[in-house]
Amino acid sequence: MTLHPAFAQLLMPQRSAVIYAFKGVISMALALFVAMYLELDRPYWALVSAVFLQVRPESGLVIEKAICQIFGSAIGGVVGILILAFLMPYPMLALGCLTLWIGLNSAAGTMMHSTNFIYAFAMAGMTAALVVILVMVNASTASSQSVFEIAQARISEITVGAICAMLVSQLLWPVKVKDGLRGHARNVINKSLDYLALELDPEGSHDDRHQHADEILETLMLLTDDSSAVVYEGPEGPGRARASNLLCNKVMSLLAVVQILGRFQRNHAELMTPAFRELLTRVREQFQAIAATDSYEEGYRLAQALRRRLLQYRSDHEASSPIESRMTQAALELVADLVLVLRAYNALENRDNTLLKAAKLKPHRDLLLGATNGFRTALVFLIGAFVWMQTASSAALMLMILPVVFSIMFARLPQGIQSFVLKRLLVGVMWAIPVSLFFALGLLAQSSGDFEILVLVLAGPYFAGLLLLAERPTLPYGLGFCIPFTIITQPANNMSFSIDTSVSTALGLFVGVSVLFWVFRLVTPPDSLLMQRRLLKATAADLKDIDRHDQPEDWFNGRMGDRLLKLANYDQGTGTRDRYMTDLGFTGLNLGHVSIRLRRLIEGRRTPQVETRLRRWQMVLADTYLLSARGEVSSDFREASHALLRALHGDAEADPQIANVEGMFERLALTFERTAHTIAEATGKRLPANEPVEGNAAAS
């Protein structure tokens, strides 16, 4: 199973698990000491806060998560106060408003991609729930002052844990985000070069191409998420963030442009001259040579040499057709983007002030998916609230708190990954219960209550749990162990050792995570095919909107990265081998870049008549894209292209740029027709008798 980035970004680069666990124990001991020294009401929430910050403990990420944690807790505390201020006499309405707030946070978290920002929404929901529920438990003694004190205590406890974890991360064996960025960047460049060579290989495998593309997209999203945290790592941080964003953006451009050449070579080889076929062979060999070098300087030199060779080819060879002219230009654009990718990689270590700022890859936001996840999290909370109202048991409180946090954190994961994570989370909870009841509480009940004894007893289980957090496959086990262990033992200044309360809390945690697991299994997101269709419609909408932005290439790349990854994940989830929906996503990426390059080519010819025809052409382009995605062939695109060409020609003499545009239109028309036939075959549609079936676009 391919590791989804929304889960993979929870994971840290490989390092010494022992050192990581040792640092985690120190940060948690410090958080507990400060919380107990300040005599906070529930010091164990400071421990919970510190545990969450041990996931991805690179210094910049810890700072970012700490800020998100504190900010989310503060917002949640304010919302909790407001709910109680207006609805304290009406507990059912208060719970209803709290449910709505939790659902909204879950839906908003689904719209994010970075785990740290998702975590801010989880904290906002959890803190509001804690404030409201803890006041309602003792409603008879509640007052405005007590409400404020409870909110202040919860925010203080979370803040103490976050600050302590942040200090330890900075002072003891700090690990920097920039090191991870360099690794991700190196990885994505090597995979991209392999993918470029594979696309230009006539014998390349369709499955291999998709595997490389999937891995590139996953790494790109990891890189763009981490770039937001590197800004906290000194004065060079913002520059590294810009370099990362530029690298991600230009890799998206590489993926778009190389498919022009790869699909043309595979599906229309009869239109290629021997000289151009030989040129593509040389380009592929040069990509392999760049990938083989371990020096930035050598790779950059080879890329520039390849660019000069392509310019020389264009100067020495007269194109045999407009479409070959377009293909030669596409090869030049490809190498120009590769040069920028290499420069951006170098800027991650060495400042390069000449690089332009690029847009960050943005998460795709689907309101339907957000509403589904919001409803699912609200349902988890309502089940806990119903049990609590029926039993008035303190155990039911845990059904309303911790499952909500996990629901918001994991809502963005695909269904298969969710089941994988939640099963292991539940196993971690099952291990935490006996260790808490029979080991930690058993020893602490016989101790003198000194802080030193408390730390010594808790250090062993926490060290073991943090070792699990340090490894990718066992991370859910560690999270499921450390958080429940903390909540069951509830270390504090004056600990009580009531076995009834501890067992009740443990039971509530186990049932709560079990409810979460089954709600996620039974309330599933919308059908994969429906979500893929919505992704394609969103792409078509962006194609129509592309002329309204100052930096259209950056804007379009930023919106397509997560969209393509979602299409790939949905295709992987269905188990189909043809992957035609992913191919359609890449076609959409390519259409956006073609639209942008068309405007550059005709910049000096945009008369009012050309503007009118161009707007019409862009609308027809997007509509034809959706028609081909349904397996339907339309002649509208060719007609709109001919009308635009007539407007461009006017009374002017023959222009090589116009020949380039003509070749661009012919290549797009062939792509639409080939795609429509492929989708019709894949979905069992009946093809028009007068439409010949061309090569399989799924093989593109």
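Reply: Buried means under 20% relative accessible area. This is a predicted model. Start with Ser244, which counts as buried because its relative accessibility is 1%. Ser244 sits in helix α10, residues 237-267.

Now its surroundings. Leaving aside neighbours within four places in sequence, Ser244 is in contact with Leu181, Leu223, Ser227 and Leu348.

Next, helix α9, which covers residues 206-227. At 1.5 Å a residue, the 22 residues of α9 should span 32 Å. Helix α9 is mostly covered, with 17 of its 22 residues buried. At the start of α9, a side-chain oxygen of Ser205 comes to within 3.2 Å of the backbone nitrogen of Asp207.

Then the nonpolar packing. The largest nonpolar core has 112 residues, and Leu247, Phe287 and Trp617 touch the most other members. Helix α10 gives the most to this core: 15 residues. In soluble globular proteins, nonpolar side chains tend to be buried together.

Take Phe287 in turn. Leaving aside neighbours within four places in sequence, Phe287 is in contact with Leu193, Leu196, Ala197, Leu200, Leu306, Leu334 and Leu338. A second, separate core has 111 residues, and Leu40, Trp101, Ile158 and Trp388 are among them.

Back to the starting point.

Conventions: Residues numbered from 1 in each chain as written. Predicted model: local features only at pLDDT ≥ 70, side-chain atom pairs only at ≥ 80, totals over all residues. Heavy atoms only, no water. Helix = DSSP H or I, 4+ residues; strand = E, 2+ residues; numbered from the N terminus. Buried < 20%, exposed > 50% of the residue type's maximum accessible area, 1.4 Å probe, protein only. Contact = heavy atoms within 4.5 Å. Core = buried A, V, L, I, M, F, W, Y, C linked by side-chain atoms within 4.5 Å. Expected span 1.5 Å × (residues − 1). Polar contact = N/O pair within 3.5 Å; in protein donor to acceptor, adjacent residues only side chain to side chain.
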